Amino acid sequence: METTDASVVARERVRELVDAPLTREDRASLFRYMATMRASEERALTLYKQGKVPGSFYDGRGQEAVSVGAAYVLGPRDRMCILHRDLGAHLIRGVTPDRYLANYMGRAGGVTGGKDGNMHFGDRQLGCVGMVSMLPDMALVATGMALAFKTRGEERVAMTFFGDGSTANGQWHEAMNFAGIHRLPIVFLLENNRFAYSTPNELEFAVDPVERAHSYGFTGVNIDGNDVEAVFEAARTAADLARAGGGPTLIECQTMRMHGHGAHDDMSYVPKEMFEEWARRDPIDRYAERLVAEHGFRPEDVDGIREEVRAYVDECAATALASPMPDSALAIDGVFADSSEPLGDGHAPWSRWSHDGAGNGAAPMERRAS
Amino acid sequence: MSAVEPRGGASVTAAPDSDGSPSGAREMTYLEAISGALREEMRRDETVFCLGEDIGAFGGAFKVTEGFVEEFGADRCLDMPLAENAIIGTAVGAAVEGLRPVCEMQFSDFISCGFDQLVNVAAKLHYRQGVAVPMVVRLPSGGGFSGGPFHSQNPEAWFIQAPGLKVVTPATASDAKGLLVSAIRDPNPVCYLEHKGLYRHVRDEVPEGEHTVPIGEARVARSGDEMTVIAYGSSVHLALRAADELDEDIEVLDLRTLAPLDRESILGSVRRTGKALVAHEATRSCGVGAEVAALITEEAFEDLDAPVRRLTAPDVPIPFSPPLEQAVLPQLDDMKEACRALLAY
C-alpha cells in the first residue's frame, strides 16, 4: 500500500505499534507453517503413490491458511480438536512432520502408533483430542472442553474445525445451540471448501451457515480463508472474546479444497474455471507476495524459508521411513485405561505468549530453523 | 491386554467388596442407593458433576437428582437441552479436561440419539490415542410398566459390541451404590444400567460411607449345587424367587458387570453344577445370554450335564398393552419352568 499522506502513514504506524499482534518473526512463522504443511502433504502423497500408505490419502491443499492462521492464536493451555484438512494446526501445536508421515504409513512412530490412520490423530500431550470420521462429532467434544473451562472459571479457549458438509448434520446444531446457551469459550472454524466430498454448497444448505450464528446467540463472521492474516485476525478476536467471557464465535473461512476428497477422487465434478480461479488465490503464494510487498521481506528471505522447509521435511520423511511397523501384539492393547491423565499443553509459537512468558515457545522445527 | 482381562472370584455375600470399612449399613431402596452414592461422590470430589435432561429443578424423571441443584448448584447438576449427542459429547470433552461427568439418559432407550458420541468417540479414544475418558452414562432401563417400545428397552448388548465401554448392571441397592462409586472413579466410560423396575421395589442393606464394588466381578446371590442361573439386573430377583419357591438347590450368579465379563466366576459355578440357565430381560439374539452360553460351551463343555439354556425376551419390540408386555418379558412362571426343565434334564 502506497500513500503520500503523512498523517495516514503516521496513523498506520501508531496502529501497528499499539495493535500490531504480529512481529516479523510471527509472519515468517505463519509462512513457514503453511509451507511445512504443503511440503509434508506433498511428501505424504508421494509415499501414497509409492504404495507406502495403506488406505487412502487426504490432505488440505489450498486450505493451509485456515488451520495455520487459526491455531497460531492459541496459548499453551488452550485446547483443540483438529480435522483432516488442518495439518497446520498440528504442526503449530508441536506435532513434527515425521510423526504425521509415520502415522500415514501405519508405523510405530506415528502419533497413534498405528492404531488409527491418516489424519485421525491428536497428540494428547499437546492438548489435542483427535478426530473421528463422523462429522462434526468433535464440535461437541470441544464444546465440552469449553464447558470445563467455564465451570472452573479459567481464561482458556477451545477451538475446533469442521467443513461445510458438517453444517448439515444435527450434531452441528447441538454444539452451536449448547455453546450459545452457556456462552462457552469456544471458537468454531467453518472451512467452506465448496464441497462435501462431491456435493456442492447449493445441495448442502439453503442459507449460508454463518448466517445461523446469530440465531444461536453469537457472532458469525465470514472471511477470506485463503488469507492467513485475515484468519489469524478473526481467530484472535474470537479467542480474546471467548477468554473475556463473551462466548463463542463462528468463523466461516471461504476456501477451496484443491485436491479430491481423497487421493482416489479425481474431482471430475469440479468446474475447470472454478478450480483455476481458486488456484490463482493460493494462500501460500499470496502470502509470499504480501510478505515482500508489505512487510519488508526480500524475495530471498521467502525463498530461504521454502528451502529450509524442504530440507526439514526431507529429513522428517527419512525419520518416518526408518520407523518400524508396530508389533502386532499391540493390536489388543489399550482398549481400557488404567488411569486418567489430563491433556498436556500445546506449543504456542505466537510472540504474544513468549512475551508473556506463558508460551512453550516455538515448535522444534521453528527453533532449528531460526 | 491386562486391562481387558476381567477379574475373577465371585463372592457370596451381598456387599462384601467394600474397599473401606463401612461405619454401618442402612436399608434403603435401589433408587435411594443410586441417589445417595451420586451425592456422596459429588461431596467427595468436586470434579464430579451431573448432566442430563430435567435433572435440575425437577430432580430427574425418576428423582435420582432431587435436591442436587440446591446442594451443588446448577453448574454441577446441569440441565441439558433435549440433545443426547450433546450430553455424551460434551461429557467427553469435559472428561478429557479433568472433570468426572455423570450423564443421565432420561430413559436408556434415548441413548440411540447419543450413540454416535458414545461408541465412536468415547469408547475408542483410549485405544486410538491413549486419551482416558472417565465418564458414566446412567441408563434407566427395562420394562414391566407399559412404557411401550421406547421407554422399556434393555440396550446392554449394544454397548458390549463397542469395545472400550464398561457395562454394569446392579441388581441390589448395595451393588447400585458400590458399582456407581466404582464407575465414577473408573478412568473409562462406564454404561451404568439401572433397572426401573428395581427403583422402588428392591430394598436391602447398603453400607454407609466408603463402599465400592469392583467392576468385573460377579456375585453369588444364592448358593446351590444342582444348576446355575446366570442373571443380572431384574432377572436376578426373578431367579431368586423361583429358586426359593421351587425349593431346589439352585445357584444364582449375579453377573453385575457385563463388560468385562467375569468369565472365571461363570465357568467356576457351571463346572460345579453342570447345568446353566442364562436369564435376562433383553432380547435373545446376540444378547448376553448368547455370549455366556458360547463361553460355557467353549470352555466347560466337558463339565456340562445338559445343554445351556436361555430365558430371554423374544426378538420383538417391547409392546405397550399389559398382556402383550407380559407375554414378552420373562415372568416368574417362565423362570420356574425353565429351572424345572433343566433340573429334570
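For these notes I call two residues in contact if their C-beta atoms, placed from the backbone, lie within 7 Å. Helices (H or I, at least four residues) and strands (E, at least two) are DSSP runs, numbered from the N terminus.

**Ground rules.** I am working from a predicted model, where local features need pLDDT of at least 70 and side-chain atom pairs count only at pLDDT 80 or more, while totals for chains, interfaces and linings use all residues. Residues are numbered from 1 along each chain as its sequence is written, and chains are lettered from A and ligands numbered from 1 in the order in which they are written.

**Entry 1: H2 on H11, chain A.** I started with helix H2 (residues 24-49) and helix H11 (residues 299-322) of chain A. Their axes are 9 Å apart and the packing angle is about 40°. The axes are lines fitted to C-alpha atoms, for helices over the stretch in contact, and angles run from 0 to 180 degrees between N-to-C directions. That angle makes H2(A) oblique to H11(A); angles under 35 degrees count as roughly parallel, over 145 as roughly antiparallel, 65 to 115 as roughly perpendicular and the rest as oblique. I noted the crossing as right-handed, meaning that the near helix is turned clockwise from the far one by less than a right angle, with anticlockwise being left-handed.

Which residues of H2(A) meet H11(A)? I listed Ala28(A), Phe31(A), Arg32(A), Ala35(A), Thr36(A), Ala39(A), Ser40(A) and Arg43(A). From H11(A), the residues they meet are Val302(A), Ile305(A), Arg306(A), Val309(A), Arg310(A), Val313(A) and Ala317(A). Sorted by class, this contact has nine nonpolar, two polar and four charged residues. My classes: Ala, Val, Leu, Ile, Met, Phe, Trp, Tyr, Cys and Pro are nonpolar, Asp, Glu, Lys and Arg are charged, and the others, Gly among them, are polar.

**Entry 2: H5 on H11, chain A.** Next I checked helix H5 (residues 97-104) of chain A against H11(A): the angle is about 45° and the axes are 8 Å apart. H5(A) is therefore oblique to H11(A), and this crossing is right-handed. Pro97(A), Asp98(A), Leu101(A) and Ala102(A) of H5(A) meet Val313(A), Cys316(A), Ala317(A), Thr319(A) and Ala320(A) of H11(A). By class I got seven nonpolar, one polar and one charged.

**Entry 3: the chain B sheet.** In chain B I traced an open, mixed sheet of seven strands, in the order S3-S2-S4-S5-S7-S6-S12. Strands pair here if DSSP finds at least two bridges between them. The edges are S3 (77-79) and S12 (257-259), each pairing on one side only. On average, neighbouring strands are turned by 20° against each other, direction ignored.

I then zoomed in on strand S2 (residues 48-52) of chain B, which runs parallel to S3(B) and is joined to it by three bridges. Cys50(B) sits opposite Cys77(B), and Gly52(B) has Asp79(B) as its bridge partner. S2(B) also pairs in the parallel sense with strand S4 (residues 100-104) of chain B, over five bridges; there Val48(B) faces Arg100(B).

Is S2(B) buried or exposed? Five of its five residues are buried, where buried means 20 or more other C-beta atoms within 10 Å of a residue's own, exposed means 12 or fewer, and partly exposed lies in between, with C-beta atoms placed from the backbone. Val48(B), Cys50(B) and Gly52(B) are on one side, and Phe49(B) and Leu51(B) on the other.

**Entry 4: where the chains touch.** I found 35 residues from chain B and 39 residues from chain A in the contact. On the chain B side, the elements giving two or more residues are helices H3 (84-96), H4 (115-122) and H5 (125-129). H3(B) gives the largest share, nine residues. By class, the chain B side has 19 nonpolar, twelve polar and four charged residues.

Entry 5: Most residues other than glycine have a negative phi, and most peptide bonds are trans, so I looked for exceptions.

- The Leu135(A) to Pro136(A) bond is cis, with omega near 0°; Pro136(A) is in the loop between H5 and helix H6 (137-152) of chain A.
- The Ala259(B) to Pro260(B) bond is cis, with omega near 0°, and Pro260(B) lies between S12 and helix H9 (263-273) of chain B.
- Arg194(A) has phi near 80° and counts as partly exposed because it has 19 C-beta neighbours inside 10 Å.
- Arg256(B) has a positive phi of about 65° and, with 28 C-beta neighbours inside 10 Å, counts as buried.
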